[in-house]
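Me: I would like to go through this structure step by step. Could we begin with the charged side chains and then move on to the rings?

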Amino acid sequence: MRIFEKYFTCFIVNVLKVLLGALLLGTIGFMFYLATKINLSIILVIGFYSLANFGVFKVIKNKSFGLKYKIISIVLIGILVRVLWMININTAPHSDFSTMYSTARNLLNGNTEQFKGIGYLARFPHLTGMIIYISVYMKIFKDALIALKVGNLILSVISMILIYKISKEVLKNENLALTSLGISSIFGPMVSYVGVLVTENVAIPLYLLSVYLFVIYSKKDNKLIYVLLSGLALGVGNLFRMVGPIMVIAYVLYIALYIKGRIKNKVLSIILIVGT
């Protein structure tokens, strides 16, 4: 088992290196493409992100700042970037997002036609959780669109904190954990998605919470309560973005190969993950 574990780990690491390398090459190629389309807007965005990067770097490297102050400062930078994006970029719902928004309004009014026959939700049932989520905001808030974007902002900040917590537990290095927090605070997709009604805004913090609880489970004497809560977070996240089965496979493999302990506990953990 130890030999298989060793070669399996090596295989996964090498595959990830190839995938990340391809991603890096694609990013570099896109940057060269943007260089041929340079205009004032791109210059302003690059300048703004450069300032944000510089701010995050200075906070992490400043030895006079305490850890708590560094975390708060980086989170505030992340909030500032997201708020500025929300204020300056018109992100009114269009295309599928507009359909989802109108479907949520119709659902609130008792109209369920989109859930029947060849209706939008009948053809794309995986969006049901998001429609219900939007309709709840419509029920509670007068201006649901602004409330949804504020909710996205809060969920994005929660994701940043969870990324920091996961990095700290896995890497066991405070500076690397702060770097992870810094990257997430200004990471383009995490910033731009705040103003859009996409399922990822709800699913990502739930998936990150699941990963964090699973990491705690693997380190805290394999206490089943953590794997149960991890499975529950994963299940709820899957209602919004259905990639949960991929993570279930990863969890099962990790439990089978890397978790030490009795077979009975491993089987119970796998049952809890798959069952929830």
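Reply: A definition comes first: a salt bridge is a side-chain nitrogen of Lys or Arg within 4 Å of a carboxyl oxygen of Asp or Glu. Please keep in mind that this is a predicted model.

Me: How many salt bridges does the structure hold?

Reply: The structure holds 3 salt bridges. One of them joins the side chains of Glu200 and Arg241, at 3.4 Å from N to O.

Me: Where do Glu200 and Arg241 lie?

Reply: Glu200 is in helix H10, while Arg241 is in the loop between helix H11 (224-240) and H12, so the pair ties together parts that are 41 residues apart in sequence.

Me: Is Glu200 buried or exposed?

Reply: Glu200 counts as buried because its relative accessibility is 16%, and buried means under 20%. Arg241, at 36%, counts as partly exposed.

Me: And which side chain meets Glu169 in a salt bridge?

Reply: That is Lys219, at 2.8 Å from N to O. This pair links distant parts of the chain, with Glu169 in helix H7 (residues 144-171) and Lys219 in helix H10, 50 residues apart. Glu169 is partly exposed at 22% relative accessibility, and Lys219 is partly exposed at 39%.

Me: What does Glu174 form with Lys168?

Reply: Glu174 forms a salt bridge with Lys168, and their closest N and O atoms are 3.6 Å apart.

Me: Now the rings. How many aromatic pairs does a search of the whole structure find?

Reply: The search finds 8 aromatic pairs. One of the pairs is Phe214 with Tyr251: the ring centres are 4.2 Å apart and the planes meet at 10°, so the pair is stacked. Phe214 belongs to helix H10 (residues 200-219) and Tyr251 to helix H12 (residues 244-258), 37 residues apart. Both residues are buried.

Me: Which residues do ring pairs link into a cluster?

Reply: The cluster consists of Phe214, Tyr217, Tyr251, Tyr254 and Tyr258.

Me: What does the side chain of Ser269 make with the side chain of Tyr217?

Reply: The two side chains make a polar contact at 2.7 Å. Ser269 is located in helix H13 (residues 263-275) and is buried, with a relative accessible area of 1%. Apart from neighbours within four places in sequence, Ser269 is in contact with Tyr217, Leu224, Val227 and Ile255.

Me: One last topic: which residues make the nonpolar surface patch of about 670 Å²?

Reply: The patch is made by Phe11, Ile12, Val15, Leu16, Leu19, Leu20 and Leu23. Among them, Val15 lies in helix H1 (residues 2-36) and counts as partly exposed at 35% relative accessibility.

Key: Residues are numbered from 1 along each chain as its sequence is written. This is a predicted model: local features need pLDDT of at least 70, side-chain atom pairs count only at pLDDT 80 or more; totals for chains, interfaces and linings use all residues. Side-chain values use heavy atoms; hydrogens and water are left out. Patches are made of residues with over 30% relative accessible area and no salt bridge: like charges are joined within 9 Å, nonpolar side chains (Val, Leu, Ile, Met, Phe, Trp, Tyr) within 5 Å. Accessible areas come from the Shrake-Rupley method with a 1.4 Å probe; for residues, only the protein chains shown count as cover. Helices (H or I, at least four residues) and strands (E, at least two) are DSSP runs, numbered from the N terminus. Buried means under 20% relative accessible area, exposed over 50%, partly exposed in between (1.4 Å probe, protein chains only). Rings of Phe, Tyr and Trp (its six-membered ring) pair if their centres lie within 6.5 Å; planes under 30 degrees apart count as stacked, over 60 as edge-to-face and the rest as tilted. A polar contact is a pair of N or O atoms within 3.5 Å; within protein, one must be able to donate a hydrogen and the other to accept it, and residues adjacent in sequence count only if both atoms are side-chain atoms. Contact means heavy atoms within 4.5 Å.
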